[in-house]
Amino acid sequence: DKMDDAIASSIRRNHNLVIGETTAERIKMEIGIARMPEDGRGLIMAVRGRDQVNGVPREIDICQADIAASLSDLVDQVVETVLRTLAATAPELAADIHEHGIVMTGGGSLLTGISDALAEATGVPVLIAEDPLTSVAMGAGKALEDWPDERWLDVCAGPGGKAALLAAIAAERRARVLANERQVHRARLVADGARAARAGLAGV
């Protein structure tokens with residue numbers, strides 16, 4: 001995840017502290033923010049890691065302002081991408097977006113303040129999906145449930161996209177099983193295991 005990488009890199013660069021992916025994600029979820037807090041610091045969180053100089057464990061305090069600074073480039077990229085997409089949108093669809101707003105999905109949508117930043121930049125309401133971590137897979141699967149004929153997939157997706165659409169159906173079914181909040185971590189472990197297995201097969 002680019003946001004996690006940006007947080008870890010910033011802490012290593014500015015505090016000489018090396019943290020892992022899990023810690024970086026926890027920082028993002030607990031005090032991550034898209035824009036500078038009004039008081040200039042915001043919430044503070046204790047972070048443990050390995051000192052980059054002498055290699056011993058160390059703990060530091062990180063504030064929301066630090067995280068906002070580390071994520072600013074990525075947030076600006078998101079805003080710019082959305083603006084470019086809206087500029088290329090057909091007038092009828094643009095009118096629908098203006099009336100109903102933008103719905104954000106994915107883990108990045110959970111970043112505090114990202115919806116406000118997009119709403120301010122675009123001038124349209126920005127909403128967060130009810131279950132942003134699995135909504136894309138579940139939505140794709142539901143859209144295809146009534147169209148099981150693979151010939152339809154060939155027409156709509158072409159040979160290159162057919163496999164992706166079939167994978168979306170499988171992902172949606174799997175997401176339903178793992179959708180409740182207590183199983184999100186398990187779902188990530190399953191995905192990591194699948195990636196590791198593919199990498200191992202590729203090396204054989």
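Me: In which sense do strand β1 and β2 pair, and over how many bridges?
Reply: This is a predicted model, in which local features need pLDDT of at least 70, side-chain atom pairs count only at pLDDT 80 or more, and totals for chains, interfaces and linings use all residues. Residues are numbered from 1 along each chain as its sequence is written, and side-chain values use heavy atoms, leaving out hydrogens and water. Strands (E, at least two residues) and helices (H or I, at least four) are DSSP runs numbered from the N terminus, and two strands pair if DSSP finds at least two bridges between them. Strand β1 covers residues 17-18, and its pairing with β2 is antiparallel, over two bridges.

Me: Which residue of β3 stands opposite Val47?
Reply: β2 and β3 run antiparallel and are joined by seven bridges. Ile44 stands opposite Cys63 in β3. For Val47, the residue opposite in β3 is Ile60.

Me: Which residue takes a positive phi in the hairpin of β2 and β3?
Reply: Five residues lie between the two strands of this hairpin. The positive phi is near 80 degrees, and the residue that takes it is Gly55.

Me: Which residues have the most contacts inside the largest nonpolar core?
Reply: A nonpolar core is a set of buried Ala, Val, Leu, Ile, Met, Phe, Trp, Tyr and Cys residues joined through side-chain atoms within 4.5 Å; buried means under 20% relative accessible area, exposed over 50%, and partly exposed in between (1.4 Å probe, protein chains only). The largest such core has 28 residues. Elements giving two or more residues to this core include α1 (2-15), α2 (21-31) and α3 (64-87). The residues with the most contacts inside the core are Ile11, Ile19, Ile27, Val47 and Leu71.

Me: Over what arc around the axis do the buried residues of α2 lie?
Reply: The buried residues of α2 are Thr23, Ala24, Ile27, Lys28 and Ile31. They are on the same side of α2 because their arc, taken from the directions from the helix axis to the C-beta atoms, is only 140 degrees.

Me: Which exposed residues does the face of α2 turned away from its buried side carry?
Reply: The buried residues of α2 pack against α1, β2, β3 and α3. The face turned away from the buried side carries Glu21 and Thr22.

Me: Which residues is Ser70 in contact with, leaving aside neighbours within four places in sequence?
Reply: Ser70 lies in helix α3 and is buried, with a relative accessible area of 13%. The side chain of Ser70 reaches the backbone oxygen of Ile67 at 2.7 Å. Contact means heavy atoms within 4.5 Å. Beyond those neighbours, Ser70 is in contact with Ala6, Ile7 and Ser10.

Key: A polar contact is a pair of N or O atoms within 3.5 Å; within protein, one must be able to donate a hydrogen and the other to accept it, and residues adjacent in sequence count only if both atoms are side-chain atoms.
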